[in-house]
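Come along and check each entry against the picture.

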Amino acid sequence: MEQKTVNCYCPVCKHRTHHEVLGVGNNVSPDEEYFYNETYRVVKCCGCDHVSFDLEVVEEGNVEYDQEGYETLVPVHTSYPVKENSVEPISSWEMPSLIQRAYKESVEALNNGSFLLASIGFRATVEALCIENGLDKGTLNTKINKLRDKGIITAADCERLHEARFMGNESAHQIEKPDRQHVLIVLEVINNILNNLYVIDKKFKDVIEYRFKDYAEFQALIEKGIDEHPKGAEGTIYMFLPEERKYRKTDLDKYEAELQQHIADGTFTKLSVLPKPKDSKYRQGYRVE
Ligand SMILES: [Zn+2]
């Protein structure tokens, strides 16, 4: 008689739980030479109701001996689509797609037990990080040092990355399979960097208001923003400021008034002021000249 419940991994509860068996199918070895029995089950977690797949394999080659010396077959469970002990990649909209693709595929390779591909992929992730930061020439070794010199990564992360790089090198050249533990350490280094760059920084900018040092800094930012737009482009002051930051309205009003003064007396000519109805509650519009 088929089992009504089975103990297997639940990706939602993140540990082994009792599962109700919803459906079952078997593959049994066709001859007497080698015994195996594969049982595929559609299962539902008794804790959280999540439905997944469990494969149980019992085979001749996988035995243990009890105290009396009798052989017992040990069933091995594999869950689908999320395997037990799988790691979750960091996800952030802020992460550039080039980095994201290399990183996510590497984590996927790691979760599928393809450690060689994972380590080569993590090396590619670091390469992508360099490219995103304008570093596309020279060896990876020098590029990693430049990431540190530019203040993009810390000195400690730089050292750790050098370790990761060598691992990637060895993987590609010697085709020696790195072990899971080793790849997990590399992942931790990369997660730390990506977290700092694309997760924490984003949260910080969302919460903390940006303060301009003085009018000069405000104008320099505006000029940089104007360069990113074609002549004739129209918009409010926000169009010319880095959009990921939060600004204090009183500061913005003060410096914008000063900018309008400079436009009026002809000392700032990169923008012109668009006509605006009196008492309009909307912000002033500008045109790139
Ligand atoms: Zn569950």
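**Before I start.** I am reading a predicted model, where local features need pLDDT of at least 70, side-chain atom pairs count only at pLDDT 80 or more, and totals for chains, interfaces and linings use all residues. Residues are numbered from 1 along each chain as its sequence is written, and side-chain values use heavy atoms, with hydrogens and water left out.

**Entry 1: the metal.** Which residues coordinate the zinc ion? I found the SG atoms of Cys 10, Cys 13, Cys 45 and Cys 48, at 2.3 to 2.4 Å. I noted the rule for donors: N, O and S atoms within 2.8 Å of the metal (3.2 Å for Na, K and Ca), with water not among the atoms, so sites may look incomplete. Along the sequence, the donor residues follow the spacing C-x2-C-x31-C-x2-C.

I then looked at the geometry. The angles subtended by the four donor atoms are 103 to 116°, so the arrangement is tetrahedral (four donors count as such if all angles lie between 85 and 135 degrees).

Next I looked up accessibility, where buried means under 20% relative accessible area, exposed over 50%, and partly exposed in between (1.4 Å probe, protein chains only). Cys 10 is buried because its relative accessibility is 0%, while Cys 13 is partly exposed at 26%.

**Entry 2: Arg 41.** I located Arg 41 in strand β3, residues 36-45. (Helices, H or I with at least four residues, and strands, E with at least two, are DSSP runs numbered from the N terminus.) Is Arg 41 buried or exposed? It counts as buried, because its relative accessibility is 2%. Its side chain makes a polar contact of 3.0 Å with the side chain of Glu 56. Such a contact is a pair of N or O atoms within 3.5 Å; within protein, one must be able to donate a hydrogen and the other to accept it, and residues adjacent in sequence count only if both atoms are side-chain atoms. Leaving aside neighbours within four places in sequence, Arg 41 is in contact (heavy atoms within 4.5 Å) with residues including Val 6, Phe 53, Asp 54 and His 77.

**Entry 3: Thr 125.** I found Thr 125 in helix α2, residues 115-132. Thr 125 is buried, because its relative accessibility is 2%. A polar atom of the Thr 125 side chain lies 2.8 Å from the backbone oxygen of Gly 121. Beyond four places in sequence, the contacts of Thr 125 are Ile 99, Ala 102, Tyr 103, Ser 106 and Ile 190.

**Entry 4: a sheet.** I traced an open sheet of three strands, antiparallel, in the order β9-β12-β11. Its edge strands, each pairing on one side only, are β9 (234-235) and β11 (271-273). Two strands pair if DSSP finds at least two bridges between them; β9 and β12 (residues 286-288) are joined by two. Gly 235 stands opposite Tyr 286 in β12.

**Entry 5: backbone angles.** Most residues other than glycine have a negative phi, and most peptide bonds are trans. I looked for exceptions. The bond joining Tyr 80 and Pro 81 is cis, with omega about -5°. Lys 14, in the loop between β1 (5-10) and β2 (15-28), has a positive phi of about 65°. Asn 85 also has a positive phi, near 70°, and is exposed, because its relative accessible area is 55%.

Terms used:
Four donors count as tetrahedral if all angles lie between 85 and 135 degrees; four count as square planar and six as octahedral if opposite donors are over 155 degrees apart and all others between 65 and 115; anything else is irregular.
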